[in-house]
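Hi,

Here is the structure I promised to pass on to you.

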Amino acid sequence: MEVSVLTPTVGAPALTAAVRSVATQSLPARHVVVVDGAAHEGAARAAIAAAEPPADRMPVLVVLPDNTGHDRNNGHRVYRHVAPLLETGFVALLDEDNVLEPAHLGTLVPIAVRHGAAWSPNSTTRRSLSSS
């Protein structure tokens, strides 16, 4: 089962730990980092480089031209509009200032598959073709 991890960012230093946590997952995942406004691209690239992810787990970087945040809710619009576009069976949402435990996806995804779960309270969602 393919998994994507979606992380909106404004290039905060904490992004380094988030990227590292996805790169070291026991279940490999495609990490999509969406820079919320081109003004934050340099900081985001620096934070990703500092994480030193292996080449096969380098995040996909998407840079939006303008910041979409409003009232300190910078990532919610990215989650809402980008997650449905990802063509993987599951999409995990990860704020730039959070991290995943190393076996997080490797534990959660098989349980979700076994139980036919469409979503989980920890913000890992299954892409459903029937509802799109």
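Glu52 sits in the loop between α2 and β3; helices (H or I, at least four residues) and strands (E, at least two) are DSSP runs, numbered from the N terminus. Glu52 comes after α2, and its phi is near 50 degrees, a positive value in a residue other than glycine. Glu52 is exposed, with a relative accessible area of 66%. Here buried means under 20% relative accessible area, exposed over 50%, and partly exposed in between (1.4 Å probe, protein chains only).

Before you go further, please keep in mind that this is a predicted model: local features need pLDDT of at least 70, side-chain atom pairs count only at pLDDT 80 or more, and totals for chains, interfaces and linings use all residues. Residues are numbered from 1 along each chain as its sequence is written, and side-chain values use heavy atoms, with hydrogens and water left out.

Now to the helix before that loop. Which residues of helix α2 (residues 41–51) are buried? They are Ala44, Ala47, Ile48 and Ala51. These residues lie on the same side of α2, because they cover an arc of only 100 degrees around the axis (the arc is that of the directions from the helix axis to the C-beta atoms). As a reminder, an α-helix has 3.6 residues a turn, so residues three or four places apart point the same way. The buried residues of α2 pack against β1 (3–9), α1 (15–23), β2 (30–35) and β3 (60–63), where contact means heavy atoms within 4.5 Å.

Next, follow the strands. β1 and β2 run parallel and are joined by six bridges; two strands pair if DSSP finds at least two bridges between them. Right-handed means that, with the strands pointing away from the viewer, the path from the first strand over the helix to the second runs clockwise. β2 and β3 also run parallel, with four bridges between them, and Val33 has Leu61 as its bridge partner in β3. The crossover from β2 through α2 to β3 is right-handed too.

β2 is largely enclosed by the rest of the structure, because five of its six residues are buried. His31 is in this strand and is buried, with a relative accessible area of 2%. Not counting residues up to four places away in sequence, His31 touches Val5, Thr7, Ala18, Val19, Val22, Pro59 and Val60.

Thr9, in strand β1, is buried, with a relative accessible area of 2%. Leaving aside neighbours within four places in sequence, the contacts of Thr9 include Leu15, Val33, Ala44 and Glu96. A polar atom of the Thr9 side chain lies 2.7 Å from the backbone nitrogen of Gly11.

Finally, how far can you trust the model? pLDDT is the predictor's confidence in each residue, from 0 to 100. The protein chain has a mean pLDDT of 87, and 86% of its residues reach 70 or more. Confidence is highest in α2, at 98, and lowest in strand β5 (residues 124–126), at a mean of 46. Over residues 124–132 pLDDT stays under 50. Where pLDDT is low, the predicted coordinates should not be read in detail.

Enjoy exploring!

Notes. A polar contact is a pair of N or O atoms within 3.5 Å; within protein, one must be able to donate a hydrogen and the other to accept it, and residues adjacent in sequence count only if both atoms are side-chain atoms.
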